[in-house]
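This report describes selected local features of one protein model. The sequence and the structure come first, followed by the text.

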Amino acid sequence: MSFEAIVIGGNFAGLSAAMQLARARRRVLLVDAGAPRNRFSEASHGFLGQDGQTPAAIMREGKRQLSLYPTITIRQGKVVRARRDGDAFIVGTEDGGEERAARIVLATGVSDTLPEIPGLKERWGRSALHCPYCHGFEVSGGKLGVLANHPHSAHSAMMIPDWGVTTFFTQALFEPDEEQLLKLSARGVRIERSPIVELLGDNPKLEAVRLADGRVVPLDAVFVAPKTAMASPVAEQLGCAFDDGPFGPIIRTGDNKETTAKGVFAAGDAASAMHNATLASASGVLAGVHCHQSLVMQSAA
């Protein structure tokens, strides 16, 4: 067998998982498609020791450090298929290549689907944001909006006033209930029921939004939670079970990050309802450690 473990995905979760396995002197292949979810962001924030660095710079340095370990192999490529073969797995890439390993770590991430509003996609990761803990400080003190596109949007709107004057745009889709209205009022959140139909300003800067009734409302940033989907079909191909997350499906894992498919571990945004660079890296550490321990237990048995 060429490798003991194959890590699919080279963002924060995949790199962290591969690091643990490499430090355990296991033969590891890391395959990275090079299209991380955070590629639209100018900087990663709230990540201890990396605050303000670009995601690309963090990943580049991570790969450099990982490449110093003699048992690691890093390849650029897209994994498009995977299957179980007895006690092992066979992984196939887009160029037709195949590799075999005893364990798989899925760090395949998710893809985002944004509401179809002109000007929103172009500003994604700049002035159209998903996480106040990742980006709130950089837009603090400005006029901020929360665009309702899921049932938990009102809860999100209650958080944002800590960073600036907040307007909650219901989009005529998610009207707050009586209790939510009281809490939003207590937080000083303004409710706007006319939907946003266009984002305005010198892209990627946001200056205002146009509403369905024709009004233009000044705004410096808008927070919106995209709907998510698996960025790769591999988890489904391997028979992993999924749970319904608040924004899309999540690969089901136990506390040891092993999926319902024995020998397959998962980490990062694809396996968590909370999406954050630090959390992704931490889950990768857990997946790598438990993947190594499962190899040890198999050998001992």
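The lining of the second largest pocket consists of 16 nonpolar residues, 10 polar ones and one charged residue. In this division Ala, Val, Leu, Ile, Met, Phe, Trp, Tyr, Cys and Pro are nonpolar, Asp, Glu, Lys and Arg are charged, and the others, Gly among them, are polar. The model is predicted: local features need pLDDT of at least 70, side-chain atom pairs count only at pLDDT 80 or more, and totals for chains, interfaces and linings use all residues. Residues are numbered from 1 along each chain as its sequence is written, and side-chain values use heavy atoms, with hydrogens and water left out.

**Pocket and cavity**

On a 1 Å grid over the protein atoms alone, a cavity is a set of points where a 1.4 Å probe fits but cannot get out, while a pocket is an open set with protein on both sides within 12 Å along at least five of seven lines; lining residues have an atom within 4 Å of a point. Grid points are joined across faces, edges and corners, and a volume is the space filled by probe spheres set on the points.

Of the 27 residues that line the second largest pocket, His130, Cys131, Pro132, Ser156 and Phe247 lie nearest its centre. Elements that each supply at least two lining residues are α3 (132-135), β9 (143-147) and α4 (153-159); the largest share, four residues, comes from α4. Helices (H or I, at least four residues) and strands (E, at least two) are DSSP runs, numbered from the N terminus.

The structure holds one cavity of 30 Å³ or more. Its lining includes Val110, Thr228, Phe247, Asp269 and His275, and by class has six nonpolar, five polar and one charged residues.

| Space | Volume |
|---|---|
| Second largest pocket | about 690 Å³ |
| Largest cavity | about 50 Å³ |

**Sheet**

An open sheet of three strands runs in the order β12-β13-β14, with antiparallel pairing. Its edge strands, β12 (196-200) and β14 (216-218), each pair on one side only. Two strands pair if DSSP finds at least two bridges between them. Four bridges join β12 to β13 (residues 208-211) in the antiparallel sense, and Leu200 has Ala208 of β13 as its bridge partner.

**Helix α5**

The N-terminal end of helix α5 (residues 178-186) is capped by Asp177, with a side-chain oxygen 3.2 Å from the backbone nitrogen of Glu179.

How values were computed:
A polar contact is a pair of N or O atoms within 3.5 Å; within protein, one must be able to donate a hydrogen and the other to accept it, and residues adjacent in sequence count only if both atoms are side-chain atoms.
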